[in-house]
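Visitor: I am new to this structure. Could you take me close to its paired rings, and then on to the other links and details around them?

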Amino acid sequence: MPVGDTLVITDDDGTVEITVTKFSTRTKGCNEFAPEPDKGVYLIADVTVAVTKGSVSVNPLYFQWVAADGTETNAIAGLFAGCGENLEPGDVSAGRKRTGTLVFNVANKNGVLEYLHRFQPAGSWRP
């Protein structure tokens, strides 16, 4: 999906709408204490998660970067990059939303950001 498109998932727990609102990259950490990305760039994704029914668990580890060569990367290394407000994990109930930043230490922006629902890819966005 392109940036701005919303992935809607409904299951027994509820309905969640996930939107990647923006991608950007940085070749340095975002504050003076942050390390430089050792793979090349920090790929930064701004994400909004809105729950319209029930209660849904939100976690940055439900997202992964899949490079063009198939390599998968999680956002753990990016937690220390100092870029934006990290997407906080936790339960979100109907009528509420959570916004935050996911940061991946990657070689380049050739690939997709995947959302994993119950450990299976449910949708992806391309920068």
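This is a predicted model: local features need pLDDT of at least 70, side-chain atom pairs count only at pLDDT 80 or more; totals for chains, interfaces and linings use all residues.

Guide: Start with the rings. The count comes to two aromatic pairs. One of them joins tyrosine 62 and tyrosine 115. Their ring centres are 6.4 Å apart. The planes stand at 80° to each other, and the pair is edge-to-face.

Now place the two partners. Tyrosine 62 sits in the loop between β3 and β4 (63-67), while tyrosine 115 belongs to strand β8. The pair therefore ties together parts that are 53 residues apart in sequence. Their surroundings can be compared by cover. Tyrosine 62 is partly exposed, at 27% relative accessibility. Tyrosine 115 has a relative accessible area of 5%. It counts as buried because the cut-off is under 20%. Ring pairs also bring in Phe63, so that Tyr62, Phe63 and Tyr115 are linked into a cluster.

Stay with strand β4 for a moment. Glutamine 64 lies in this strand. Is glutamine 64 buried or exposed? Its relative accessible area is 12%, so glutamine 64 is buried. Which residues does glutamine 64 touch, leaving aside neighbours within four places in sequence? The contacts are Glu72, Thr73, Phe104, Val112, Leu113, Glu114 and Leu116.

Next, the loop between β5 (72-73) and β6 (90-93). Phenylalanine 80 is found there. At 59% relative accessibility, phenylalanine 80 is exposed.

How many disulfides does a search of the whole structure find? It finds one. The disulfide joins cysteine 83 to cysteine 30, with 1.9 Å from S to S. A disulfide is a covalent bond between the sulfur atoms of two cysteines. The torsion about the S-S bond of cysteine 30 and cysteine 83 is about 80°, which means that the disulfide is right-handed. Cysteine 83 is buried, at 4% relative accessibility. Cysteine 30 is partly exposed, with a relative accessible area of 26%.

Strand β3 deserves a stop as well. Glycine 54 is part of this strand. At 34% relative accessibility, glycine 54 is partly exposed. Beyond residues up to four places away in sequence, glycine 54 touches Asp13, Gly14, Val92, Ser93 and Ala94.

Side chains of opposite charge can pair when their charged atoms come close. The whole structure has three salt bridges. In one of them, arginine 118 pairs with aspartate 11, and the closest N and O atoms are 3.1 Å apart. Arginine 118 lies in the loop between β8 and β9 and aspartate 11 in strand β1 (residues 6-11), so this bridge ties together parts that are 107 residues apart in sequence. Arginine 118 also forms a salt bridge with aspartate 13, with the closest N and O atoms 3.3 Å apart. Aspartate 13 is in the loop between β1 and β2, so this bridge spans 105 residues in sequence. With a relative accessible area of 45%, aspartate 13 is partly exposed.

Another salt bridge links glutamate 36 and lysine 28, the closest N and O atoms being 3.6 Å apart. Glutamate 36 is exposed at 51% relative accessibility. Lysine 28 is partly exposed at 48%. Shared partners, meanwhile, join Asp11, Asp13 and Arg118 into one network.

End at the loop between β8 (111-117) and β9 (120-125), where arginine 118 lies. Phi of arginine 118 is near 55°, a positive value in a residue other than glycine. Phenylalanine 119 lies in the loop between β8 and β9 too. Its phi is near 70°, again positive in a residue other than glycine. Phenylalanine 119 is exposed, at 77% relative accessibility.

Key
Residues are numbered from 1 along each chain as its sequence is written. Side-chain values use heavy atoms; hydrogens and water are left out. Helices (H or I, at least four residues) and strands (E, at least two) are DSSP runs, numbered from the N terminus. Buried means under 20% relative accessible area, exposed over 50%, partly exposed in between (1.4 Å probe, protein chains only). A disulfide is a pair of cysteine sulfur atoms within 2.5 Å. Contact means heavy atoms within 4.5 Å. Rings of Phe, Tyr and Trp (its six-membered ring) pair if their centres lie within 6.5 Å; planes under 30 degrees apart count as stacked, over 60 as edge-to-face and the rest as tilted. A salt bridge is a side-chain nitrogen of Lys or Arg within 4 Å of a carboxyl oxygen of Asp or Glu.
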